[in-house]
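Colleague: Could you take me through one part of this protein at close range? I have the sequence and the model open, and I would like to follow along as you go.

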Amino acid sequence: MASNISKEEKPELYIGGLGTIDSSSFPSSLSYVALGHIHRKMNLNDSGTICYSGSPIPFSFKEGRDRKVLKLIDVEEKNITVSDVEIPVFRNLYQIKGHKDSIEKELSKLAEDKKQGWVSIEITESGVSSSIRTISENITKNTGLEVIHIKDTTVSKRLMEKEETIENLESLSEEDIFLKFLDEKEIKDERKEELLSLLREIMASLNETEE
C-alpha cells in the first residue's frame, strides 16, 4: 500500500467487517476513488487515484501538525492526474504534554517565538493543575496564544487506583481493614492492640444484635 504518512502513523483500513483493505480491493475499472472518514490525507496507490483527501481542517490537537489539502483532479480523455492543493493554516494548534517544569518551558518557548494559536496542555504530574493554570495565564498574557484545554491525566490514574483499592478491600476482613487504617495513621503498637480489642468488642456486640 502506498502512503504519504509513516508506517507508525498508518491506520488500519477496513470495509465494514471484511478486514484490512488496500488498492487491490477496488476494481481497475474505477478511474478515481475518493475515500472518507480518515482525517489524514493518504494514498492507497502510487498515482493517488485511490485516496483519502483527509479533513480540510484539524478536528483535534493531535491533527495540529497535519498538512491539510484539497485534491485537484485533472481529467484529459481517459487520463486522470491527481495533485494536492495545500489549505492555508488559519489557526495553529499546539499540544504540550509533560510535568510542570517541561510544560512551563515549552509554553514559554512558544511565547518567546511569538507563536499564535490555541494550546492544549496535558499534565502528567500530580497536584500541579492549579499552578499550571496560573503559570499558563501569566505566560500567554498579551500574546497571540490562548490555552483552551488543560487535562490532568493523573486524575483518571488515581481513580483507577482507588477502584483497585476498593476491590482489594472487599477481600479483607474487618480487622484487616482496621489494621491498615491504623498503619496509615502511624498508631503505635501498644495503642493498636487496645483499639483492636475495642473493635472486636463492637463487632461481637453487633453480631449478637443481628442474631
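How many residues does helix H1 have, and what does it reach from its first C-alpha to its last?

Modeller: Happy to. This is a predicted model, in which local features need pLDDT of at least 70 and side-chain atom pairs count only at pLDDT 80 or more, while totals for chains, interfaces and linings use all residues. Residues are numbered from 1 along each chain as its sequence is written, and side-chain values use heavy atoms, with hydrogens and water left out.

Helix H1 runs over residues 100-112, which gives it 13 residues. From first C-alpha to last, H1 reaches 18 Å, close to the 18 Å expected at 1.5 Å a residue. That expected span is 1.5 Å times one less than the number of residues. The names of the elements come from DSSP runs, with helices (H or I) of at least four residues and strands (E) of at least two, numbered from the N terminus.

Ile-103, Leu-107 and Leu-110 are buried, where buried means under 20% relative accessible area, exposed over 50%, and partly exposed in between (1.4 Å probe, protein chains only). These three lie on the same side of H1 because they cover an arc of only 55° around the axis; the arc is taken from the directions from the helix axis to the C-beta atoms. As background, an α-helix has 3.6 residues a turn, so residues three or four places apart point the same way. On the other side of H1, Asp-101, Lys-105 and Glu-112 are exposed.

What lies over the buried side? The cover of the buried residues of H1 includes strand E6 (93-98), strand E7 (117-123), helix H2 (129-140) and strand E8 (145-152). Just after H1, Lys-114 takes a positive phi of about 55°.

A pocket here is an open set of points on a 1 Å grid over the protein atoms alone, with protein on both sides within 12 Å along at least five of seven lines, and its lining residues have an atom within 4 Å of a point. The largest pocket has a volume of about 250 Å³, meaning the space filled by probe spheres set on the points, with grid points joined across faces, edges and corners. Its lining has 12 residues, and Phe-61, Gly-64, Arg-65, Leu-93 and Gln-95 lie nearest the centre. E6 and H1 are the elements that give two or more residues to this lining, and E6 gives the most, with three.

Asn-142 sits in the loop between H2 and E8, and its phi is near 60°, a positive value in a residue other than glycine. At 77% relative accessibility, Asn-142 counts as exposed.

Finally, the wider setting. The protein chain has five helices and eight strands, in the order β-β-β-β-β-β-α-β-α-β-α-α-α along the sequence. Of its 211 residues, 27% count as buried.

How values were computed: Contact means heavy atoms within 4.5 Å. On a 1 Å grid over the protein atoms alone, a cavity is a set of points where a 1.4 Å probe fits but cannot get out, and a pocket is an open set with protein on both sides within 12 Å along at least five of seven lines; lining residues have an atom within 4 Å of a point.
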